[in-house]
Amino acid sequence: MQERALLPAVQEGIPERMDTELQFTEVFETYYKRIFNYIAYRVSCRYTAEDLASQVFEKTLTKLCGYSRDKAPLEVWLFAIARNVVNDHYRSQARHRWFPLEAIRELVSGRKEPEALILGIERSDRLNLALDKLSAKQRNMIALKFGADLKNTEIAQVMGISESNVGVILYRSLQKLKSEIGSVESL
């Protein structure tokens with residue numbers, strides 16, 4: 001079932017009488033994983049992605065009463081908030097450079113198989129290095145497509161560009177990733 005069909009009350013606008021917290025719960029349960037995946041593609045750290053995803057839903061909760069379907073579909077609105085939260089994160093990070101302790105926490109996790117953990121980290125590092133070679137726009141688009149699982153039409157709405165332009169940029173981004181990584185099997 002399409003997630004888009006699960007939120008008819010939210011998509012049609014929120015009547016003032018309806019309980020915003022119940023609708024927020026429905027929005028959170030429907031979109032948390034996709035928002036988290038989108039942010040994880042953008043920031044490459046699980047803990048930072050969790051923090052930023054919580055900021056996205058905090059902002060969503062405060063602004064849900066003002067949401068109007070006439071302005072944009074719910075998904076587009078949520079991912080626009082997520083994009084702005086990630087951009088704000090990078091702006092604040094540019095002002096304060098620090099060593100990411102989250103990376104060490106990832107190493108000292110409770111996983112039981114150290115070989116699998118190290119191989120997973122190596123794969124993730126190779127993918128992150130390849131993603132770092134993309135422009136911010138290309139990385140954002142890859143995150144929207146594969147992290148957030150949005151269609152090209154939805155990405156076009158979030159990015160404010162045409163659908164055909166989205167297809168071209170995604171194609172070029174994937175070609176660039178392929179040239180950096182090789183095949184998926186080599187990961």
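Author: Start with helix H7 (residues 136-147) and helix H9 (residues 163-181). They pack at an angle of about 100 degrees, with axes 10 Å apart. That makes H7 roughly perpendicular to H9, a label for angles of 65 to 115 degrees. Axes are lines fitted to C-alpha atoms over the stretch in contact, and angles run from 0 to 180 degrees between N-to-C directions. Helices are DSSP runs (H or I, at least four residues), numbered from the N terminus.

This is a predicted model: local features need pLDDT of at least 70, side-chain atom pairs count only at pLDDT 80 or more, and totals for chains, interfaces and linings use all residues. Residues are numbered from 1 along each chain as its sequence is written, and side-chain values use heavy atoms, leaving out hydrogens and water.

Now the residues. From H7 come Lys137, Gln138, Met141, Ile142, Lys145 and Phe146. They meet Val166, Ile169, Leu170, Ser173, Leu174, Lys176 and Leu177 in H9. Contact means heavy atoms within 4.5 Å.

Met141 also belongs to the largest nonpolar core, which has 44 residues. Such a core joins buried Ala, Val, Leu, Ile, Met, Phe, Trp, Tyr and Cys residues through side-chain atoms within 4.5 Å. Buried means under 20% relative accessible area, with a 1.4 Å probe and protein chains only. Met141 is among the members that touch the most others, as are Ile35, Tyr38, Ile39, Phe79, Leu144 and Ile155. H7 and H9 each supply at least two residues. H4 gives the most, with 9 residues.

Key:
Angles under 35 degrees count as roughly parallel, over 145 as roughly antiparallel, 65 to 115 as roughly perpendicular and the rest as oblique. Buried means under 20% relative accessible area, exposed over 50%, partly exposed in between (1.4 Å probe, protein chains only).
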